[in-house]
Number of protein chains: 2
Amino acid sequence: MLSGVDEAGERLGIGEVARRTGLSVHALRFYERQGLLPGPVFRDHSGRRVYTEQDADWLILCVVLRGSAMPLPVVRRYTELVRDGDGNERERLELLRGHREAVLAQMAQLQQSIDLIDFKVAVYEDLLDGGDSGLPGENGKYAVAQPAPRGGIRVRSPRPSDRCRR
Amino acid sequence: MLSGVDEAGERLGIGEVARRTGLSVHALRFYERQGLLPGPVFRDHSGRRVYTEQDADWLILCVVLRGSAMPLPVVRRYTELVRDGDGNERERLELLRGHREAVLAQMAQLQQSIDLIDFKVAVYEDLLDGGDSGLPGENGKYAVAQPAPRGGIRVRSPRPSDRCRR
DNA sequence: CTAGGAGCTAGAGTCGGCTCTAGCGCAAGT
DNA sequence: ACTTGCGCTAGAGCCGACTCTAGCTCCTAG
């Protein structure tokens, strides 16, 4: 058994790291091949990977970044910067800021989608409620705040004719 | 020229629909093959697609849903429900609510990522600022609100040792 | 009459990101 | 001695969602 509560920092088998990160063992080996770990992974006497807690923490970091769709090449780049040590903090910062923008853009998209869904849900709920539950036709209730068109694809604001059609 | 400002509802060529939706003409044909349009697309006398504004609106709807990673099979299912007409509103509602949950989950992920990035950005900004700009060591400034661990992967809260390492 | 531009089809190809397979090694438990 | 469990490698396969190609038709402008 690999893991024990001794000294400083546990030694983790690939299975345990998979458990901690939520990645499959396949994915862990794949990530390693892809250069997504800042240092080489240790091996035991018979060639098995032995991860440190730092490795696991780094991988969790990667998982979080991947969770916001940071492409593997970008994760790799960030990893390289970390691997190369001090002196490139400016570049790391730029990379992070760049991705931050990307994440905000994604959030805006999701919000747009939520707005649309909420609108549709309200329409169908009303429809299933009998349709005339005390509210006068199609009024403010369906006025979903469509975020300002800035940049992306314009989504026209919902029209009354949307109500029963789709 | 196809488009003209006459009668009710314009007739749109595939190129125009591509422009309006942000999809490529290839993607438009692909979507059609995939059954993502509630009705058949009209053709002109020589076999070219002629879209209505409703078609374009529907496609924009699809684009928004796809923008929140609704899988094509789900879009197709929704399309089928719409195509089949009245009587399945309950199912449409369930589909939409299901996807709403999925979108909220994505947002939580993105937020987690943003929190992490903001933390890192703060670390690097501070580091590049000379490091000792009037704030006492690693204090509240870096206490990033990591959302409660509920269900997903646990991300440990940032430790002081994170500061200079990665 | 010709050239350019938009569109058509069927089907192949691409890309990102894993995921799986085959065939093997080791070590501990029964 | 053998099974079970965990791990290894190289490389193939898969999946979703497009994207592109080849070879064709049509229409319009010059």
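This is a predicted model: local features need pLDDT of at least 70, side-chain atom pairs count only at pLDDT 80 or more; totals for chains, interfaces and linings use all residues.
Residues are numbered from 1 along each chain as its sequence is written, and chains are lettered from A and ligands numbered from 1 in the order in which they are written.

Chain A contains six helices and three strands; helices (H or I, at least four residues) and strands (E, at least two) are DSSP runs, numbered from the N terminus. Their order from the N terminus is β-α-α-β-β-α-α-α-α. Of the 166 residues in chain A, 26% are buried, a residue being buried if 20 or more other C-beta atoms, placed from the backbone, lie within 10 Å of its own. Among the contacts in chain A with a separation of 6 or more, 52% join residues 24 or more positions apart; a contact requires C-beta atoms, placed from the backbone, within 7 Å.

Helix α3 of chain A (residues 53-67) includes A:Ile60. A:Ile60 counts as buried because it has 20 C-beta neighbours inside 10 Å. Its C-alpha lies 5.4 Å from that of A:Thr21, although A:Ile60 and A:Thr21 are 39 residues apart in sequence.

Between the two chains, 38 residues of chain A are in contact with 38 residues of chain B. On the chain A side, α3 and α5 (89-128) each supply at least two residues, and the largest share, 24 residues, comes from α5(A). That side comprises 21 nonpolar, nine polar and eight charged residues. Here Ala, Val, Leu, Ile, Met, Phe, Trp, Tyr, Cys and Pro count as nonpolar, Asp, Glu, Lys and Arg as charged, and the others, Gly among them, as polar.

The DNA strands come next. Around DNA strand C there are 17 residues, of which A:Leu72, B:Gly13, B:Gly15, B:Arg48 and B:Arg49 come nearest; a residue is near a strand if its C-beta atom, placed from the backbone, lies within 6 Å of it. Two or more residues each come from α2 (25-33) of chain A and from α1 (14-21) and α2 (25-33) of chain B, with α2(A) giving the most, three residues.

DNA strand D is surrounded by 17 residues, the closest being A:Gly13, A:Gly15, A:Arg48, A:Arg49 and B:Leu72. The largest share of this surface, three residues, comes from α2(B). By class, the surface near DNA strand D has six nonpolar, seven polar and four charged residues.

Key. A residue is buried if 20 or more other C-beta atoms lie within 10 Å of its own, exposed if 12 or fewer, and partly exposed in between; C-beta atoms are placed from the backbone.
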